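Please walk through the fold below one region at a time, keeping the sequence and the coordinates side by side.

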Amino acid sequence: MTALGDLIEIDDRTLLVLGQGLDLAHGQPDVANALVHRVADTLVVVDTGVTTAFRTALLEATGRVGPWSRALVLTTHGHLDHVGNNDLADGLGVPAEHWVPAPDLPQMRDPGEYWVRAFERAAGAAALPDPGRTAAGLVALFRPMRPLGAKTRTYEERPLERIRIGPLRFTGWTFADGAVRVLRSQGHCAGHVIVHLRDAGVLHLSDEGNGPCGAMADADQLKIQTVLASAALLFERGEAELLTDGHTFAVRRRAEAAAHLEGVLEQATALQGVALGLAGEGARIRPGAFAGAVAELGIGGANPNALFTGMVAVNLLHELGLRPESGAVDAPWSRPPLRNQAPPGSG
């Protein structure tokens with residue numbers, strides 16, 4: 001068993017700080033894992049989680065990676081469980097930088113609107129009578145919430161770089177003379193990045209590996225699967241040695257990492273196959289019933305619960321080409337007819 005703030009030593013200058021799972025029934029927020037790493041005299045912190053207890057663990061970790069005289073805080077994406085302690089960058093007592101993805105700034109400034117949109121979209125599948133109230137209750141769990149600070153800037157203010165790692169080409173940004181690589185992925189949500197720590201051999205997927213199907217309204221399923229496939233290839237080719245992510249409380253080494261990534265990709269393929277079978281040809285599907293069938297598959301990602309299963313179900317329905325027949329909360333979904341529209345004025 002692991003506990004919030006536990007530390008896993010990767011090497012003498014790299015630590016994984018463990019978060020915790022979401023428990024809505026007991027008012028417990030999920031807290032994303034964070035990485036603390038040192039490159040020469042630069043402290044690197046990847047994500048800051050949330051809660052005062054996690055902040056304390058982060059600060060303990062910064063004291064265990066050796067001496068540093070400057071700091072670099074990197075945010076992988078704007079979700080609440082990753083950004084609550086971002087003002088840490090302002091209080092380290094050394095010259096510091098804090099970088100965030102520009103597409104996620106709106107939700108960092110106003111998380112309520114972001115989550116209301118997510119829950120309204122999935123209200124029928126998740127049986128939510130009041131998405132606004134549910135969103136407000138969820139957001140209230142994440143305290144204190146300090147996603148922005150005096151040193152916060154967006155990655156997109158820097159020139160975009162072409163970054164080659166072994167056989168693969170990425171776009172993103174490099175720091176610390178290329179020892180830290182921030183790679184655009186944008187699957188789990190609109191601004192998502194992953195981080196490669198060259199000297200430690202760590203590839204941190206953050207939430208791109210959080211299950212076979214993205215739940216959020218701004219998720220991109222193709223990008224999720226593309227980054228998982230790219231990551232698997234990096235491990236197969238020896239360009240990365242250790243895999244970490246936002247919600248798996250462990251470090252996976254090369255062979256295990258590649259197998260894990262292949263397994264998630266296989267789940268994605270199987271999930272869509274099962275979803276097609278459930279949908280059937282010409283079927284009209286109630287999203288709530290469809291979410292129940294998806295839940296029975298037992299493929300729920302890092303935080304399996306009815307709320308997120310409903311969100312996944314809605315994304316699957318979209319992936320299959322189905323659309324709601326009306327604006328009613330639990331309106332049936334079906335495929336739009338495949339026929340050409342009559343020309344205007346053709347009577």
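Predicted model: local features only at pLDDT ≥ 70, side-chain atom pairs only at ≥ 80, totals over all residues.

Leaving out residues up to four places away in sequence, Val329 touches Ala123 and Gly124. Val329 and Ala231, by contrast, are 98 residues apart in sequence and lie 38 Å apart in space, taken from C-alpha to C-alpha.

Helix H8 (residues 254–279) comes next; with 26 residues, H8 reaches 38 Å from its first C-alpha to its last, which is close to the 38 Å expected at 1.5 Å a residue. The buried residues of H8 are Ala257, Ala258, Leu261, Val264, Leu265, Ala268, Leu271, Ala275 and Ala279. An α-helix has 3.6 residues a turn, so residues three or four places apart point the same way. The partners against which the buried residues of H8 pack are helix H7 (221–236), strand S13 (242–244), strand S14 (252–253), helix H9 (287–295) and helix H10 (306–319). Just after H8, Gly280 adopts a positive phi of about 70 degrees.

Two of those partners also meet each other. The axes of H9 and H10 come within 9 Å and cross at roughly 110 degrees, and H9 and H10 are therefore roughly perpendicular to each other. On the H9 side the contact involves Pro287, Phe290, Ala291, Val294 and Ala295, which meet Thr309, Gly310, Ala313, Leu316 and Leu317 in H10; sorted by class, this contact has eight nonpolar, two polar and no charged residues.

The largest nonpolar core has 58 residues, of which Val17, Leu43, Leu58, Trp115, Phe119, Phe290 and Met311 touch the most other members. H10 gives the most to this core, with eight residues. When neighbours within four places in sequence are set aside, Leu58 is in contact with Val17, Ala34, Val36, Val45, Asp47, Thr48 and Leu88.

Asp47 sits in the loop between strand S4 (42–46) and helix H1 (52–62), and is buried, with a relative accessible area of 0%. Ala127, another residue that is not a glycine, has a positive phi of about 55 degrees; Ala127 is in the loop between helix H5 (123–126) and H6 and, at 63% relative accessibility, counts as exposed. Finally, a cis peptide bond with omega of about -10 degrees joins Arg143 and Pro144, and Pro144 is found in the loop between helix H6 (131–140) and strand S7 (152–154).

Note on methods. Residues numbered from 1 in each chain as written. Heavy atoms only, no water. Helix = DSSP H or I, 4+ residues; strand = E, 2+ residues; numbered from the N terminus. Expected span 1.5 Å × (residues − 1). Buried < 20%, exposed > 50% of the residue type's maximum accessible area, 1.4 Å probe, protein only. Contact = heavy atoms within 4.5 Å. Core = buried A, V, L, I, M, F, W, Y, C linked by side-chain atoms within 4.5 Å. Axes fitted to C-alpha atoms, helices over the stretch in contact; angles between N-to-C directions. Parallel < 35°, antiparallel > 145°, perpendicular 65-115°, else oblique. Nonpolar A, V, L, I, M, F, W, Y, C, P; charged D, E, K, R; others polar.
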